[in-house]
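Subject: Structure handover

Hello,

Here is the structure for you to look through. Please open it first, then read my notes below.

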Amino acid sequence: MEKMSIEMPRVLLKTALCVAAAALLAAGVKSGDISARAKKLHFSSIVIDTHDDTTQRFLDGKFDMGERHANGSIDTPRMREGGLGAIFFSIWIPSKITGQEAVNRALTQIEAVRAQASAHPKDLVLATTAGEVRAAHKQGKIAALMGVEGGHMINSDLGVLRKFASLGVRYMTLTHSGNDEWADSSTDRPAHNGLTDFGKQVVREMNRLGVMVDISHVSDKTFYDALAVSEAPMIASHSSCRAICDVPRNVTDQMMNDLAAKGGVIQINYHVSFLSQEFRDTEKANPEINKAIAEEVQKRCGDNEACQLLEGDRLTREAVEQGKLPRVDWTKIIEHIDHAVKVAGVDHVGLGSDFDGANMPYGMEDASKLPKITDALLKKGYSEGDVKKILGENTLRVMSEVERVSRGLSKQPHK
Ligand SMILES: [Zn+2]
C-alpha cells in the first residue's frame, strides 16, 4: 500500500487502463507472444508475490476472490491465468490509526483473509511455511499468506505480535508511511534514530516466532538497525531500486548489497512512482494533479479504503490519458529486477507487486500478466534456474531460513 502520508495525504494512486487502451496493449503483448519455453517454465515454477492489498476489498463482505473482476488486479481466475502460486495478503491500516483500534482492525483483516481462503478451498489454502507453499503448489492450489504492513498494529505489545503470528502472519513491515512508536519510517521525520530498544526487542521476537522482518517503508537507519539485530535474513517485501528511481521508499545499491550479504531478498514493487523517475518528477513538479485526485477521491469515498483504491485508480488513469502524467510501461519492472540482480545477485531478488494498493504500469494491470516477466527475463538471457529463483525460490529460501532460525531460538529459554 503506497499512501503517501507526507506528500499526498489521503491519496491512493493506482493506474489501470480503460478497456480500449487495454485492448490495444493486449494486441501487442497477448499471451500468444510469450514463448512456449517461457510458458512452460512459468507455469511449472512457484510464483510468489510478497505484497498485495486486495484485503481492503474483502472488508465490505461482497468481494468474492473466486470471481473475475473488471477492476483491481487480484482474484483467483486472474491468478490462475497468470500462474501466481502464492500471495501475501497485506494487513494494512493507515499509520495514524493506533492503539487498540489498530489491533482490532488488523485482527478483522486477518479474519477476512482466512475467510476468503476457507470460502474457496478448491483454489486457495492458507499457508504459513515454505513447505506448505510447496505442498499447495503440488495440489494445484494457490497458497494464501499474510503480512502485517506497519508495526503500529501491535500497539507496542509483543503479546499482540504473538497473536498475529499464531493466526498465520508471516511477515511484518516495521513501519508504514508514518513512524510508529518504536521505528522510523522513510517518509516521516526521524523521531527515534532508527529502531528504539523496544523496536530491537520486536525484531528479536519476530526472529523467535518465525515472522519475517520486512524493511520496505522503513528509514535507512531503521533498516541498518534491524539488519544488525536480526538473526534471520530479512526481506524488502515491496521496494524497488533507488539508483533508478530516487525515492526514499526504494532501496539503495549499498542497502541491497548489505541485505543480500545476510541472505535477504528485495521483492521489486511495480508502483509507477517507484519505477519511473519521469513519473516521479512529473508528480513532484505538478502537485496540483495529485491534490485534485485526492480531493475527488475523498469526496467520492470518505474513509472507505476499497472505494479510495478503485476511484484513485480511475482518476489517475484519466490523468495519464489526458497527458498530465506520463505513461509508464511494464518493462520498467524488468529494468529494476535486472539492476537488483546485477547489484545484489540473482539469489536476492523477488516479486512484490503492490497489486491493489498502488499504480500499476501499462501492461502489468493484473496478475494475469505475470508470465510476461518470465518471458522478458529469458529473452534477456537469464537461465531457467535463475528465473525460477526470482519468481519465488528466493523467497522460499528466506522463509525456510527464518523457520530454521525460529526453531533454534525457540529451544532457548524464553527471556
Ligand atoms: Zn506499502
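**Strand S8 and its neighbours**

In strand S9, Leu-351 is the bridge partner of Ile-268. Strand S8 (residues 265-268) and S9 (residues 349-351) run parallel, joined by three bridges. Helices and strands here are DSSP runs, numbered from the N terminus: helices are H or I with at least four residues, strands are E with at least two. Two strands pair if DSSP finds at least two bridges between them.

Before we go on, two notes on the source. This is a predicted model, so local features need pLDDT of at least 70 and side-chain atom pairs count only at pLDDT 80 or more, while totals for chains, interfaces and linings use all residues. Residues are numbered from 1 along each chain as its sequence is written, and side-chain values use heavy atoms, with hydrogens and water left out.

Back to S8. Both of its faces are covered. Val-265 and Gln-267 are buried on one side, Ile-266 and Ile-268 on the other. Buried means under 20% relative accessible area, exposed means over 50%, and partly exposed is in between (1.4 Å probe, protein chains only).

Strand S7 (residues 235-236) also runs parallel to S8, with two bridges. Ile-235 has Val-265 as its bridge partner in S8. From S7 the chain crosses through helix H10 to S8, and this β-α-β crossover is right-handed. Right-handed means that, with the strands pointing away from the viewer, the path from the first strand over the helix to the second runs clockwise.

**Strand S4**

Which strands run parallel to S4? S2 (residues 86-91) does, with six bridges to S4. Phe-88 has Leu-145 as its bridge partner there. S3 (residues 124-126) does too, with three bridges. Leu-126 stands opposite Ala-144 of S4. S3, helix H6 (residues 130-138) and S4 form a right-handed β-α-β unit. S5 pairs with S4 (residues 142-149) in the parallel sense as well, over four bridges.

Is S4 buried or exposed? Eight of its eight residues are buried, so S4 is largely enclosed by the rest of the structure. Ile-142, Ala-144, Met-146 and Val-148 cover one side. Ala-143, Leu-145, Gly-147 and Glu-149 are on the other.

**Strand S5**

Now follow the link from S4 to S5. Val-148 has Met-172 as its bridge partner in S5. The chain crosses from S4 through helix H7 (residues 158-166) to S5, again as a right-handed β-α-β crossover. Glu-149 is partnered with Thr-173 of S5. Five of the five residues of S5 (residues 169-173) are buried, so the rest of the structure largely encloses this strand.

S5 also pairs with S6 in the parallel sense, over three bridges. Thr-173 stands opposite Asp-214 in S6. S5, helix H8 (residues 197-209) and S6 make a right-handed β-α-β unit.

Glu-2 is buried, at 3% relative accessible area. His-217 is buried too, at 2%.

**Helix packing**

The axes of H9 and H10 (residues 253-261) come within 11 Å and cross at roughly 15°. Axes are lines fitted to C-alpha atoms, for helices over the stretch in contact, and angles run from 0 to 180 degrees between N-to-C directions. H9 and H10 are therefore roughly parallel to each other. The cut-offs are under 35 degrees for roughly parallel, over 145 for roughly antiparallel, 65 to 115 for roughly perpendicular, and oblique for the rest.
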